[in-house]
Amino acid sequence: RESDHRAWTPVSYTVTRQNATIQGLIQGKAYFFRIAAENIIGMGPFTETTKEILIRDPITVPDRPEDLEVKAVTKNSVTLTWNPPKYNGGSDITMYVLESRLIGKDKFHRVTKEKMLDRKFTVEGLKEGDTYEYRVSACNIVGQGKPSFCTKPITCKDEIAPPTLDLDFRDKLIVRVGEAFSLTGRYSGKPAPKVTWLKDDIVVKEDDRTKIKTTPTTLCLGILKSVREDTGKYCVTVENSTGSRKGFCQVNVVDRPSPPVGPVIFDEVFKDHMVVSWKPPLDDGGSEITNYIIEKKDTHKDMWMPVTSATVKTTCKIPKLLEGREYQIRIYAENLYGISDPLISDEMKAKDRFRVPDAPEQPVIKDVTKDSAVVVWNKPYDGGKPITNYIVEKKETMATRWVKVTKDPIFPGTKFKVPDLLEGCQYEFRVSAENEIGVGDPSPPSKPIFARDPIAKPSPPVNPEAVDKTKNSVDLSWQPPRHDGNGKIIGYLIEYQKVGDEEWKQANLTADSCPETNYKVTGLTEGLTYKFRVKAVNAAGESDPAHVPDPVEVKDRLEPPELILDANMAREQHVKAGDTLRLSAVIKGVPFPKVTWKKEDHEVSPKADIEVTGVGSKLEIRNTVHEDGGMYSLTVENPAGSKTVSVKVVVLDKPGPPRNLNISDVRSDSCYITWMEPEDDGGSVITNYVVERRDVASAQWVAISSSSKKRSHMAKYLIEGTQYLFRVAAENQYGRGPYVETLKPIKAIDPLHPPGPPKNLHHVDVDKTEVSLVWNRPDRDGGAEITGYLVEYQEDGADEWTKFQTVPMLDCVVTGL
């Protein structure tokens, strides 16, 4: 039974031995036991244990300790640690026995008599270089248990271990101003490392607020009542001879921001609103500015009125002001940790303060080319607000509308190259300035300029020569200068000099009196020799002179006529009817020849316009007709001779009418039409003929062929008995000529033939002077009804037949025989 119960519980009734094993007991409880013997008569008295028996495992010596480790080795000491045995033998451990054996010896020796219940011991007083192995045993009330497994042999020498660093803080730490913070951790290393604290690469020194505490295994940096200046990157370095380890922490000591930086700038001031700006706080308190709180106050009142508390910009519009009142503005900066002290502005009266810029002065135009010009101006007064743009406009001098020269802004320069001008046009320019308020008045217009490239003096004329002369004049000719200096050549100045004189005389006084590249110098003296030179003139001035190569003796000359034919005087000239015929040639000769035009050796038609100039002649006939064609000749004649050229002129026109229109083989449904080509084909090949017919009862002509190239056609599908007219016209590439028409209608009937001979002629009666004849109708009537029969007789032996009479019937009595 349990010691605290009274009831007995039977364990076994069938035990025949003198011992028994009782199971099912509870560890830690106390029990009483009793035993009785039994025979067949009955059960004897019980025998009871004298004292209670506590149920527990039997006590033995402890198991061997575990995990014996060497923690540190120096040249004269060894530090060991171990863990308790898995089983203590049923009794608490009372002490540990640590033993050592010098390698080379047989026996282990006890190291110390200390109990070492903290399971750590440093063996000291060892000899450097000796090698030991260690073991440890556990003891309880029963005795000493088995020793642990031996350590590996340990040689006494200083041990080296690189530093380790285990930090209690993260990479970033945020601290409110006034709070304390600490950075702690653990470290190790052999030999013992040196611990150094840095802030932003500067060594941290202890003072009233900064404390540094370092133990052999722990490190700590503590700061009391932190301030904003404590913000920074902190670094702890643990270093010994084998290396170093570093730990970092970015500490951000946060606070409400400092006030915004003044002064408050009034960017815009109007009668009903202002626009103010300021600069952010120098110190944002370590946290981004979330917004600014802006308030306004009428200086006549003591109450601040909110404007906005939700802006992150450093500018703000202050609305709803009363004109003429003075106002103050105050601005707070706010971050996550609070609101700064305010920045308060000076007093400012609500009234319009700014305006658009003034008009610039008259702009100056430079570097003009044929399509561009540079406009230059001075900056005007900006109206109190910075100028943001200039607007340059142009207009042609005679126009009324100004046009912007570009859509892009022009700023900050005060000159602009205007593109896309039209060469030769005259332009004016003006400039306006623009600020935030608006666009100011335009400047006065610039002086007008022409869009053309800058002009220089021209180069000299090219190849001057004397082309003709008389007893008192010389004709000069030259070519324009190679370079006109970008200016129009106004004309030429011609000068002459008598050989032997030094003075040059002017043949013409002004250049515009000789705009062409030739000039007749008159008033010269016959028999004298002269030199000549020519200058080109533009708006920039006179060119260098170009000299006629050789001096010229002034006298009449005689040259036979010469004809230089134009392209229209080739051997054969084709012109379309209705167009204009032009024949022309350049004529030379001294004196100038007499000009004669002829056609086929006759006078040309009065409709021809003939023009004769000092250099040539031209014949022109407008609205040509075919009759204007033929052989034209041009004859030029002077005392030195004559010359004639001829040209065949073909006036291309529609062809004439076809010839010899003939109708044959007329049938009841067809006929055959033939004709000959026109006498005149209009100067072009006949391409085809058009054949038409017309019922005499109808006014409408009907085409029966429009593409025939042959000169015949079978007209089919005629209606028998109908009378028809036919006509034919010829076509070439210039059109259709006139028709030729049949003179009289053609009737669509088959042709008539003589009838066949009567059949079966015989007599039926004979008298002395007459014979009665009968016969039958012939087999064919020849295409028409038989109208009668001609009866003839012949005396036997004679050659001639004698006509008797024509009878309508098939019988006849011949009398008078």
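I began with N660, which I found in strand β56 (residues 659-664), strands here being DSSP runs of E with at least two residues and helices runs of H or I with at least four, both numbered from the N terminus. I noted that the model is a predicted one, in which local features need pLDDT of at least 70 and side-chain atom pairs count only at pLDDT 80 or more, whereas totals for chains, interfaces and linings use all residues. I also noted that residues are numbered from 1 along each chain as its sequence is written, and that side-chain values use heavy atoms, with hydrogens and water left out.

**Backbone entries**

I looked up phi for N660 and read a positive value of about 55°, although the residue is not a glycine. N660 is exposed, at a relative accessible area of 53%, where exposed stands for over 50%, buried for under 20% and partly exposed for what lies in between, with a 1.4 Å probe and protein chains only. I then turned to N760, which sits in strand β65 (residues 759-766) and has a positive phi near 60°, again in a residue other than glycine.

I next checked for cis peptide bonds and found one joining G262 and P263, with omega about 0°; P263 belongs to strand β22 (residues 261-269). Another cis peptide bond joins F411 and P412, also with omega about 0°, and P412 lies in the loop between β34 (403-404) and β35 (415-418).

**Strand β15 and its partners**

Two strands count as paired if DSSP finds at least two bridges between them. Strand β13 (residues 161-167) runs antiparallel to β15 and is joined to it by five bridges, and L167 has G185 of β15 as its bridge partner. Strand β19 (residues 218-223) pairs with β15 in the antiparallel sense over six bridges, where G185 is partnered by L219.

**Record entry**

In the UniProt record, an unreviewed entry, I found "domain: Ig-like" listed for residues 163-252 and 561-646; its positions are given in the numbering used here, feature names are shortened, and annotations may be inferred rather than shown by experiment. Residues 163-252 are 0% helix and 64% strand, with end C-alpha atoms 28 Å apart, while residues 561-646 are 0% helix and 62% strand, with end C-alpha atoms 16 Å apart.

**Pockets**

I took a pocket as an open set of points on a 1 Å grid over the protein atoms alone, where a 1.4 Å probe fits and protein lies on both sides within 12 Å along at least five of seven lines, with lining residues having an atom within 4 Å of a point. The largest pocket has a volume of about 1000 Å³, and of its 30 lining residues V11, S12, R34, I35 and A36 are the closest to its centre. β2 (34-38) and β3 (43-48) are the elements that give two or more residues to this lining, and β2 gives the most, with five.

The second largest pocket holds about 520 Å³ and is lined by 18 residues, with D468, D475, R557, G614 and V615 nearest its centre. I recorded β49 as giving the most to this lining, with five residues.

Key
Grid points are joined across faces, edges and corners, and a volume is the space filled by probe spheres set on the points.
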